[in-house]
Amino acid sequence: GGGGWGGAQQGGDFGDIINDIFGSFFGGGGRRESSNSQRAGQNLKRNVNLTFRESVFGTKKTFELDKQEVCPSCHGTGAASPSDIVTCSRCRGQGKVYVTQQSIFGTVRQETICPDCHGRGKTIRNKCNTCRGQGLVGNRVKKEVEFPQGIATGNQIRLAGFGGPGENGGPSGDLYLFVTVENHRYFKREKNDAILEVPISFPQAALGATLDIPTPYETNERIKIEPGVQHGTMYKIKNKGFKDVNNRVFGDLIVIISIKTPNKLSRSQTDLYNQLSAVDDGVFFKFKDNFKS
């Protein structure tokens, strides 16, 4: 990231001004932030799959992760010894060099990062054997991560300091765990509500029934279906949905009644339906009686 707007400098020559304005056209990008400044490491991403049950109740999982830490041998310098850190002979410790280029505006002096020391102003004669001059070493660590109750697909867990290594003493980046929850065979999730379609028969719909409804919490809740219930009627069971990960509020369990038509009937069932049809004849409107030509 850039350093924002800086203050004006006195005494700059015309070449510096042209370089600031048009440097990007010549590949230099204008004046650059010093490579000697601290920079945070890159954030990383990892996908984690959870079962439906784990999302309902919450869970803990242990991961083996790589964590970049300061080298214990060189204390982050990357050098075998303090005497192996010397002033860069090319830029004389400035971290930058000037190159001259010809352009449509004439001769332009351009400031660039020193290619030998990469802007640090120092070079290393003998690198540290432990970290090979990087100043950092990677350690494999075990990290227990808690996934809260009610966590859903798309939620993230941030693990500070487990991302890419920082530069020049900057902090390590973060690791983000992106959660995907497996689909359930019967329950669906809408925000924090659990949706369950419950099939009932024609007799249950006509006469009413008492049903034991399963919940995501592996318990049953009893509801009473009134006689004459219609297809698509919804019943709400309070606080039996998913917990909100940000507070103690629970969603509801929404039960949707689905009246199922039997695919096959036995002879006795066919006789009963024929009797019922004869009784119902005339109860339902007929098109010829309700729509006049």
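What share of the contacts with a separation of 6 or more in the protein chain comes from residues 24 or more positions apart? The answer is 64%. The model shown here is predicted.

View 1. The protein chain has 293 residues, and 30% of them count as buried. Its accessible surface comes to about 19,900 Å². Carbon and sulfur atoms make up 49% of that surface.

**View 2. The largest nonpolar core has 22 residues.** Those with the most contacts inside this core are Ile200, Leu211, Ile213, Ile223, Leu253, Val255 and Ile257. Elements giving two or more residues to the core include helix H2 (52-57). In soluble globular proteins, nonpolar side chains tend to be buried together. A second, separate core has 14 residues, among them Val48, Val145, Leu159 and Leu175.

**View 3. Leu253 and the residues it touches.** Neighbours up to four places away in sequence are left out. Among the contacts of Leu253 are Phe187, Ala194, Leu196, Ile213 and Pro214. Others include Tyr235, Ile237 and Gly241.

**View 4. Lys191 has a positive phi, near 55°, and is not a glycine.** Lys191 is found in the loop between strand E10 (188-190) and E11. Lys191 counts as exposed because its relative accessibility is 78%, above the 50% cut-off.

**View 5. Glu218 also is a residue other than glycine with a positive phi, about 65°.** The loop between E12 and E13 holds Glu218. With 56% relative accessibility, Glu218 counts as exposed.

Note on methods:
Residues are numbered from 1 along each chain as its sequence is written. This is a predicted model: local features need pLDDT of at least 70, side-chain atom pairs count only at pLDDT 80 or more; totals for chains, interfaces and linings use all residues. Side-chain values use heavy atoms; hydrogens and water are left out. Buried means under 20% relative accessible area, exposed over 50%, partly exposed in between (1.4 Å probe, protein chains only). Contact means heavy atoms within 4.5 Å. Accessible areas come from the Shrake-Rupley method with a 1.4 Å probe; for residues, only the protein chains shown count as cover. A nonpolar core is a set of buried Ala, Val, Leu, Ile, Met, Phe, Trp, Tyr and Cys residues joined through side-chain atoms within 4.5 Å. Helices (H or I, at least four residues) and strands (E, at least two) are DSSP runs, numbered from the N terminus.
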